[in-house]
Amino acid sequence: MADGKIGAVLVVGGGVAGVQAALDIADSGFKVYLIDRAPSIGGVMAQLDKTFPTNDCSMCILAPKLVEAGRQPNITLITNAEVTELSGKAGNFEVRIRKQSRYINEEKCNGCGLCAQKCPVEAVDAYNRGLNDRSAIYIEYPQAVPLKYMIDREKCIGCGICQEICRAEAVEYEQEDTETTLKIGSIILAPGFTSFDPRLKTEYGYGRFQNVVTSIEFERILNASGPYGGLILRPSEGEIPRKIAFIQCVGSRDAQLGNNYCSAACCMYSIKEAIIAKEHVPIELECTIFYMDIRAYGKEFDAYYNRAMEEHGVRFVRSRVADVGEDPLTSNLFVHYVEDGEPKTEEFGMVVLSVGMRPPENVEKLAEVLGIGLNRYEFCQTDTFSPIETSKPGIFVCGAFAAPKDIPESVAQASGAAAKAIAVIASERGKLITVKEYPPERDVSREEPRIGVFICHCGINIGGIVNVPEVVEHAKKLPDVVYAEENLYTCSQDTQVRIREKIRELNLNRVIVGACTPRTHEPLFRETLREQGLNTYLFEMANIRDQCSWVHMHEPERATEKAKDLVRSVVAKARLLEPLKKPVTSVIPVGLVIGGGVSGMTTALELARQGFEVHLVERAKELGGHLRHIYYLLGSENPQEMLRSIIEDVSENERIHVHLNTAIVDVKGYVGNFTTIIRSGGNEKQIEHGIIVVATGATEYEPTEYLYGIDSRVLTQRELEERLAKGQFNAKTVVMIQCVGSRNEERPNCSRICCSQAIKNALKIKELSPETEVYVLYKDIRTYGFKEDYYREAADKGVLFIRYDDEHKPRVTRENGKLMVLAWAPILKTWVPVEPDILALSVPAVPNANNEHLARMLKVPLTKDGFFLEAHMKLRPLDFATDGIFLCGLAHWPKPIEESISQACGAATRAATILSKKTLEVEGIVAHVDEDLCVGCGLCITLCPYSAIEKDETGIARVQEVLCKGCGTCGASCPKRAITMQQFTDAQIVAQGLAVLRGVVHG
Amino acid sequence: MTEFDPKIVGFLCNWCSYAGADLAGVSRIQYPPNIRIVRVMCSGRVDPAFILEAFKSGADGVLVAGCHLPADCHYISGNFKAYRRVTLLKKLLQQFGIEPERLRLEWVSASEGDRFATIIKDMVKEIKKLGPNPLRAGGKTSG
């Protein structure tokens, strides 16, 4: 080991942030230990029903990541565990982990769930937030990773039924807690958050009134696998409510409680819950959201907020609710609030409290053990220019523990933390990971199919309903089946040995397992085939448990018939299976970063720190981008000093090649192998590289409103900042108008940074010239997270905040040289005149004019607003759908410096997962074009969502296998049937489909 | 004469609907055993020819199920492609003498086990009303 460093990382917390960091690190060639206090990973996201602003099903998008984390050979999951001791220093830590007993042997438990079915004990289901019961032996949720049961010893009565019934002999009542020591090079903290306990806000009645629930409880109520099966019912008596009130900022923005910060995600999740609730309840349901400011500051969030109002009829009331009372007869709730200066009372059937985020449980102990600093709210201490670094070198942070945030920001920051954690141990890449050796693959191309069938009893999960021996006998008679047997558990380790024996002994060249679902178990069996030298694609599964015995429990005979049909249908498919090769492409270990602002420079530096060459292309004559115009921040850091230091780091780094005054002319190629032509002056140059990061930033909107450009006293915030910084400020009265050029018809979305920018300038004015009057005219103040502190500080220092709405936009006139602003005072219901010496307009960051051109060259999409559009708004915030191209910073959406830096580090990590590999192996299930049949109509090219098909020189379609994701839509549309979607060929699908119909027509 | 027991072939996308069908199992939600599921990676993979083949071979009903519109599709837009194809095919089915109600396109997410079971129950009920696939009326002979 070079200088004693260890190529392993400890990730604390298995929520979506921790899982993302773990996957990125393992994928870059390092060992990961992922620990979680809970019995399964998934965190809070696993409890959510849908996610904003796309209303994606949370579990649908999360589960594949969890399964991947569970399977990644270089990620070790340690559940029910916490860190108890730490020693050593960055690069070489030693950490002690205490693992609480499950009372279940994790090696033996195969998650069949029979124990939980038979357990006589009813315990409170914490996953469903206590809204229903579970057994004492349990998993947190059906898709739990790892799928290992656990005994709740506080509830367990020790009856012994589970031990008796478990055929895998996994129940171990005597199992004890264990301690282990791990050696690691760096640590990522992703312990997430806990929800605010609303009992502390006694006036809202939580815990006293049954129909007052928290937002996370409501999330479970909305969920189809939640306590009421997806029906919205009142906990009091199970009736459907007609009116639901959502109360915002419960435990957030509350100085009395000491939680002055904003929890950042609650406005959006409440809007989402209101929309989904209205979709769920077929009768008329009224949803009302009581709020102080709607903080819909993220990518396309305002459009979502507008849709909630206009399309879904969600009602918004700007008021802090005073208290909630209950009608004891009906269990209805009375919400007391003040609107427009008048006290009001309204009756609701249910009240949902939008509870804020608190630091994770036991955070002081964690901080003490690790030696990291916490901020005044006990979240992790970080700085603007180092948003991922804790106070201790070698320990990094991401997700809600760094500051309350939503899922995509957590995911981006998790990738960013991975970059930092890897940089510490970059020299150790590949040293601690295991690369498994396999025997050479047997050539079966000339063999007739010889199929082996293994039917699982799954304890009694299948065998208790389906007549397994009968299914085995049926299988034996099917064409090309040379062997069939039944197993107690086909997934168990001893059966894997048996399958391998049978492959060898009987020269099997296709294997079928009739058991549970291929979604969880196919990789296991494929691995078994590979270990015996069979191509992994010569395998199929018949799902006779999840889709048969479990859903036809009262009809054993018909279930048996169905199981036979299902086995017969996969045998029909298996006869046609062919071995597939996983396409391999080489990787040029060089990055191209487009844009030399703080994001682009950060990405370039992080890639260079990991040992990769980078070309950094900037169209301006110097590096720095927007940061050149930022002179001070809300915090104490000096941005110009930081900028100088970053530029110095970039310039001095020999792996970074800076190209100034340079434009991108042409981009060709695909992941791992791009060729780009750049032009500077009249000279063109060609660069070969493996990945692209788009960090092209955004442009400040040039206002046409409010006499800007006509009267010299009207400035943008950036111009005001420059004056303040350069000592050119002199004014007795300053008016600021928010949302100039944003949140309007042309640009419906929020620009995220302008509220903080205005408050930053207002505070600077108060610092330099305390007697100057400052008025901020706003629609909603969106100082999310800890920025809320500065909002409060500004208000305390006498900055006047006056709200306006679209009907009462400020009016600006100039008469006889006097600048006059008329502001609507909502409580007085009158226009108030102010004569400012300076009128500062808060204008948005808008997309660069040449985004369209660049997007076309890169074949990546833009949003309606014209910003670059990532592969997935929630879980792939830094990737484009096209492999090998990434994005970060303002090119993605307006955002403050610390978020740009987090994203830039994250983009570097995502890129490094590719650059760190000599070759890329991609999934073998790809489309193939038969050149003799293709007529070059180009339909498939139009349909392919990944731009993976192109025409070759002869006009024939050609699939770039490394880009193909195997969806098969091209195959479904080819008029000449020239496209074969391998592993799901037309012939295979039809054979499988028709085999189940045997006995209908063809007997 | 025994009661008509429809056979339904289901083409389910791997990521949402097949997962939804699995969840019905995990949650032990019971539904009639009339459907035989064929897993495909994406509902956009389902060639109208597969559906026609199934009807030709005597299926009494065909279900195509994928991720919810608009944005759930694992492959960006395969669900929209399925939507277009199935909608068009339903119009054509009438020409072949097959009631369009025998073909259904549904969106089922990975957390909608209950919805999947409800769809199957409903489909079985509707197809029982329609009776056997007209193409196999008297066709039980070839076996």
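Biologist: In strand 44 of chain A, which residue is the bridge partner of A:W824?

Modeller: This is a predicted model. Strand 43 of chain A, residues 818–825, pairs with strand 44 of chain A in the antiparallel sense over five bridges. A:W824 lies in that range, and its bridge partner in strand 44 of chain A is A:W831.

Biologist: Which strands of chain A stand at the edges, each with a single partner strand?

Modeller: The sheet is open and antiparallel, with the order 42-43-44 in chain A. Its twist averages 30° from one strand to the next. Two strands have a single partner each, so one side of each is left without a neighbour in the sheet. They are strand 42 (811–815) and strand 44 (830–834) of chain A.

Biologist: At what angle do helix 10 and helix 14 of chain A pack?

Modeller: Helix 10 covers residues 468–476 of chain A, and helix 14 covers residues 556–574 of chain A. Their contact has four nonpolar, two polar and four charged residues. Their crossing is right-handed. The axes are 9 Å apart, and the angle is about 35°.

Biologist: How much area is buried between chain A and chain B?

Modeller: The contact takes 62 residues from chain A and 61 residues from chain B. Carbon and sulfur atoms give 56% of the buried area, and that area is about 5,200 Å².

Biologist: Which residue of chain A meets B:D22 in a salt bridge?

Modeller: The count between chain A and chain B is seven salt bridges. One of them joins the side chain of B:D22 at 3.0 Å, N to O, to that of A:R519.

Technical notes: Residues numbered from 1 in each chain as written. Chains lettered and ligands numbered in written order. Predicted model: local features only at pLDDT ≥ 70, side-chain atom pairs only at ≥ 80, totals over all residues. Heavy atoms only, no water. Pairing = 2+ DSSP bridges. Helix = DSSP H or I, 4+ residues; strand = E, 2+ residues; numbered from the N terminus. Axes fitted to C-alpha atoms, helices over the stretch in contact; angles between N-to-C directions. Left-handed = near helix turned anticlockwise from the far one by under 90°. Nonpolar A, V, L, I, M, F, W, Y, C, P; charged D, E, K, R; others polar. Contact = heavy atoms within 4.5 Å. Buried area = accessible area lost by both parts, 1.4 Å probe. Salt bridge = Lys/Arg side-chain N within 4 Å of Asp/Glu carboxyl O.
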